[in-house]
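Colleague: I would like to learn how to read a structure of this kind, feature by feature. Can we start with the ligand site?

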Amino acid sequence: MSFEERMHGTASRNQTRTVLALDLETPEPSQLLKKSIDVVRSVKGLICAIKINRQLILGLGLPTVAESILKLANDYNIPTIMDAKLNDVGHTNEFMARTYFDAGFDAIIASPVAGWKDGLDKVFQAAESRRKGVLLLTYMSNPGAEEFYSLTARHGNNGEKPMFEILAQRALEWRAQGLIVGATKPQIISRVRELVGPKLPIFSPGVGAQGGDANIAVNAGATYLIVGRAIYASADPQNAATGLRIKPNT
Ligand code: BMP
């Protein structure tokens with residue numbers, strides 16, 4: 001089953017669009033692991049994927065993450081996304097993608113500005129040969145994202161366009177399995193949805209703690225919502241995840 005099919009299946013089964021961003025911080029590794037597992041257990045029926053970033057890998061190490069959290073996610077049939085934001089030359093990108101995929105991750109996040117040739121080409125090859133997914137940053141959720149994602153750039157013979165529109169086009173050409181567009185930018189989500197059509201999933205981070213609104217992002221065209229602090233830092237993660245649950249389209 002492809003990454004997209006797994007995501008779709010879990011979203012339908014749990015009737016949710018929420019991807020849990022598991023970014024807990026604590027100086028004590030044993031606490032970090034226990035707290036991360038507790039959060040996953042409490043919201044397992046309310047999420048459709050788990051996104052892990054380098055914060056957790058630095059805190060626990062990849063083998064521990066693989067043996068504990070990835071295994072648990074697999075037992076619950078919840079796909080996992082490695083938020084590596086890959087942005088290097090081909091051989092190191094490839095090494096990182098291969099290592100994360102072989103540890104058990106189902107998809108990886110990359111930055112398209114590394115370009116295709118000897119940039120992301122090998123990441124897509126590593127993903128395709130393992131039936132894994134690559135998600136591309138298209139417009140980040142933080143206020144400073146405007147500095148570059150909205151810059152106007154020349155696009156072949158097609159005149160000038162904002163950078164994020166070119167990135168959305170690249171995601172289609174490169175056959176990415178999803179795009180990342182901040183939930184804090186509903187107008188950008190609408191424009192990206194217009195450009196990529198109804199099928200390609202848009203993952204939107206920035207709900208809650210960064211000021212984004214789940215319903216507004218979904219109405220603008222987001223498929224999935226990436227949520228971290230609004231769930232794991234809440235006094236009652238299960239209740240918080242229940243409040244953020246929005247049913248997917250069938
Ligand atoms: P929170 O809901 O706590 O704000 O976390 C958002 C998550 O989404 C973090 O894991 C962050 O790394 C990620 N993210 C983001 O916030 N904005 C982006 O543009 C891209 C991201 O991956």
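Modeller: Start with the make-up of the shell. The residues around the ligand are 6 nonpolar, 4 polar and 5 charged. Ala, Val, Leu, Ile, Met, Phe, Trp, Tyr, Cys and Pro are classed as nonpolar, Asp, Glu, Lys and Arg as charged, and the others, Gly among them, as polar. This is a predicted model: local features need pLDDT of at least 70, side-chain atom pairs count only at pLDDT 80 or more, and totals for chains, interfaces and linings use all residues. Residues are numbered from 1 along each chain as its sequence is written, and side-chain values use heavy atoms, with hydrogens and water left out.

Colleague: How many residues surround the ligand, and which are the closest?

Modeller: A residue is near a molecule if one of its heavy atoms lies within 4 Å of it. Here 15 residues surround the ligand, and the closest are Asp-23, Lys-51, Ser-141, Gly-228 and Arg-229. At least two shell residues come from each of strand 2 (49-53), strand 3 (80-86) and strand 10 (224-227). Helices (H or I, at least four residues) and strands (E, at least two) are DSSP runs, numbered from the N terminus.

Colleague: What is 2.5 Å from an oxygen atom of the ligand?

Modeller: Look for polar contacts, which are pairs of N or O atoms within 3.5 Å; within protein, one must be able to donate a hydrogen and the other to accept it, and residues adjacent in sequence count only if both atoms are side-chain atoms. An N or O atom in the side chain of Asp-23 lies 2.5 Å from a ligand oxygen. For the side chain of Arg-229, the distance from an N or O atom to a ligand oxygen is 2.7 Å. Gly-228 takes part through a polar backbone atom, 2.8 Å from an oxygen of the ligand. Taken alone the ligand exposes 470 Å², of which the protein buries 91%. Such accessible areas come from the Shrake-Rupley method with a 1.4 Å probe; for residues, only the protein chains shown count as cover.

Colleague: Which residues have the most contacts inside the largest nonpolar core?

Modeller: In soluble globular proteins, nonpolar side chains tend to be buried together. A nonpolar core is a set of buried Ala, Val, Leu, Ile, Met, Phe, Trp, Tyr and Cys residues joined through side-chain atoms within 4.5 Å. Buried means under 20% relative accessible area, exposed over 50%, and partly exposed in between (1.4 Å probe, protein chains only). The largest such core here has 86 residues, and Leu-22, Ile-52, Ile-108 and Phe-203 have the most contacts inside it. Helix 4 (residues 62-75) gives the most to this core, with 7 residues.

Colleague: What does Val-65 touch?

Modeller: Contact means heavy atoms within 4.5 Å. Val-65 is found in helix 4 and counts as buried because its relative accessible area is 0%. Not counting residues up to four places away in sequence, Val-65 touches Ile-52, Leu-56, Ile-57, Leu-60, Leu-70 and Phe-105. With neighbours up to four places away in sequence again left out, the residues that Ile-108 touches include Met-82, Ala-84, Leu-86, Tyr-100, Phe-101 and Val-123.

Colleague: Is Thr-16 buried or exposed?

Modeller: Thr-16 is buried, because its relative accessibility is 0%. Its place is in the loop between helix 1 (3-14) and strand 1 (18-21). The Thr-16 side chain reaches the backbone nitrogen of Thr-18 at 3.1 Å.

Colleague: And what does the side chain of Asn-53 reach?

Modeller: The Asn-53 side chain reaches the backbone nitrogen of Gln-55 at 2.8 Å. Asn-53 lies in strand 2 and is buried, at 14% relative accessibility. Leaving aside neighbours within four places in sequence, Asn-53 is in contact with Asp-23, Met-82 and Asp-83.

Colleague: Where do Lys-85 and Asp-118 lie?

Modeller: Both are worth checking for backbone angles. Lys-85, in strand 3, has a positive phi near 45° in a residue other than glycine. Lys-85 is partly exposed, with a relative accessible area of 29%. Asp-118 lies in helix 6 (residues 116-130), and its phi is positive, near 50°. At 41% relative accessibility, Asp-118 is partly exposed.
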